[in-house]
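Colleague: I'm new to this one and have just opened it. Please walk me through it, starting with a helix.

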Amino acid sequence: MVELDDDNQVRPVKPQPLTDLELERLAAVLKRFGDTSAMNLEQLDGFLAALICCPDLVPPSEYLPKICGGNIVLEDEFSAQPILKDFLSLIMRHWNAIVDTLQSGEVYLPLLIEDENGITHGNDWANGFLRGMELRKEHWADLVDDEEHGGSLVPIFALANEHNPDPTMRPYKEPVSTELRETLIVGAAAGMNKIYHYFEAQRLLGTEPLDNMATFRRNAPKIGRNEPCPCGSGKKFKHCCGMTTLH
């Protein structure tokens, strides 16, 4: 979004985070899908965070069914109904607010839901993030295997697998303490900024600007770390423009 300043010069408008009332509207529509695989608000926030960090843009036609539990597939079905059109608009605004936070270098705060005791667990957010990663596993493999930077994913994996049905996948044998949970949530939030900037060069070189959620597309292939940098310097990508990604 843009607006004109006093000199009639175009300037970008800072995305406004959703209000509590708008978040309630978003949560209400999610509940109406009535599918066991449909996301709640916390899962949605983690899911969008992963899609935003990923170097490859995922089109709405691919990720909307994941949000809705498969009940709705095509974007035009959303625009045909006012409630669903509003739902899509709220998602787009929330997406842009997350992007603005990460681009500005501010600390990203996961949207966590309190239980009946007023405790935020973070498991749904982490599982939503992993569901976002699943859509482009091949792109996330670089970070997962990176010994220096892959640690930013550890708190997210730990929260996501805390109650894994397979006991061997659980990160801790004993119940997670309040102090450890707080450390994991803080680590996941801090890791978001690192993850976003890790993939920054690939996003800039591999995608077009995000004008709206219905026109995502790639216009260049992913660049390998050891391939020549496309700027023409003759250096490897990881030692040139890719420095913003790897350090």
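Colleague: Which residues are buried in α5?
Modeller: Leu84, Phe87, Leu90, Ile91, His94, Trp95, Ala97, Ile98, Val99, Asp100, Thr101 and Leu102 are the buried ones in α5. Buried means under 20% relative accessible area, exposed means over 50%, and partly exposed lies in between, with a 1.4 Å probe and protein chains only. Helices are DSSP runs of H or I with at least four residues, strands are DSSP runs of E with at least two, and numbering starts at the N terminus.

Colleague: What should I know about the model itself?
Modeller: This is a predicted model: local features need pLDDT of at least 70, side-chain atom pairs count only at pLDDT 80 or more, and totals for chains, interfaces and linings use all residues. Residues are numbered from 1 along each chain as its sequence is written, and side-chain values use heavy atoms, with hydrogens and water left out.

Colleague: Back to α5. How far apart are its end C-alpha atoms?
Modeller: They are 33 Å apart. That agrees with the 33 Å that its 23 residues should span at 1.5 Å a residue. The expected span is 1.5 Å times one less than the number of residues. Just after α5, Gly105 takes a positive phi of about 85°.

Colleague: Asp100 was in your list. What is Asp100 in contact with?
Modeller: Lys14 and Pro15, leaving aside neighbours within four places in sequence. Contact means heavy atoms within 4.5 Å. Asp100 counts as buried because its relative accessible area is 18%.

Colleague: Zoom out. How many helices and strands are there?
Modeller: Eleven helices and two strands. From the N terminus on, the order is β-β-α-α-α-α-α-α-α-α-α-α-α. Of the 247 residues, 42% are buried. Take contacts between residues at least 6 apart in sequence: 64% of them join residues at least 24 apart.

Colleague: Which residues touch the most other members of the largest nonpolar core?
Modeller: Tyr63, Ile67, Phe87, Trp125, Phe129, Trp140 and Ile195, out of 53 residues. A nonpolar core is a set of buried Ala, Val, Leu, Ile, Met, Phe, Trp, Tyr and Cys residues joined through side-chain atoms within 4.5 Å.

Colleague: And which elements give two or more residues to this core?
Modeller: α1 (20–32), α2, α3 (60–68), α5 (82–104), α6 (123–134), α7 (137–144), α8 (154–160) and α9 (178–198). The largest share, nine residues, comes from α2.

Colleague: Pick Phe129. What does Phe129 contact?
Modeller: Setting aside neighbours within four places in sequence, Phe129 is in contact with Gly46, Phe47, Ala49, Ala50, Trp140, Leu153, Ile156, Met192 and Ile195.

Colleague: Now charges. How many salt bridges does the count come to?
Modeller: Six. A salt bridge is a side-chain nitrogen of Lys or Arg within 4 Å of a carboxyl oxygen of Asp or Glu. One joins Arg93 and Glu22, at 2.6 Å from N to O. Arg93 is in helix α5 and Glu22 in helix α1, 71 residues apart.

Colleague: Is Glu22 buried or exposed?
Modeller: Buried, at 14% relative accessible area. Arg93 is partly exposed, at 26%.

Colleague: Next, which residue does Asp56 form a salt bridge with?
Modeller: Arg136, with the closest N and O atoms 2.6 Å apart. Asp56 sits in the loop between α2 and α3 and Arg136 in the loop between α6 and α7, so the pair ties together parts 80 residues apart in sequence. Asp56, Glu62 and Arg136 are linked in a network of salt bridges.

Colleague: What about Glu42? Where is Glu42 found?
Modeller: In helix α2, residues 41–53. Glu42 is buried, at 4% relative accessible area.

Colleague: Which backbone nitrogen does the Glu42 side chain reach at 2.8 Å?
Modeller: The one of Ile113. The Glu42 side chain also reaches the backbone nitrogen of Trp125, at 3.0 Å. Glu42 and Trp125 are 83 residues apart in sequence, yet 5.1 Å apart in space, C-alpha to C-alpha.

Definitions and conventions
A polar contact is a pair of N or O atoms within 3.5 Å; within protein, one must be able to donate a hydrogen and the other to accept it, and residues adjacent in sequence count only if both atoms are side-chain atoms.
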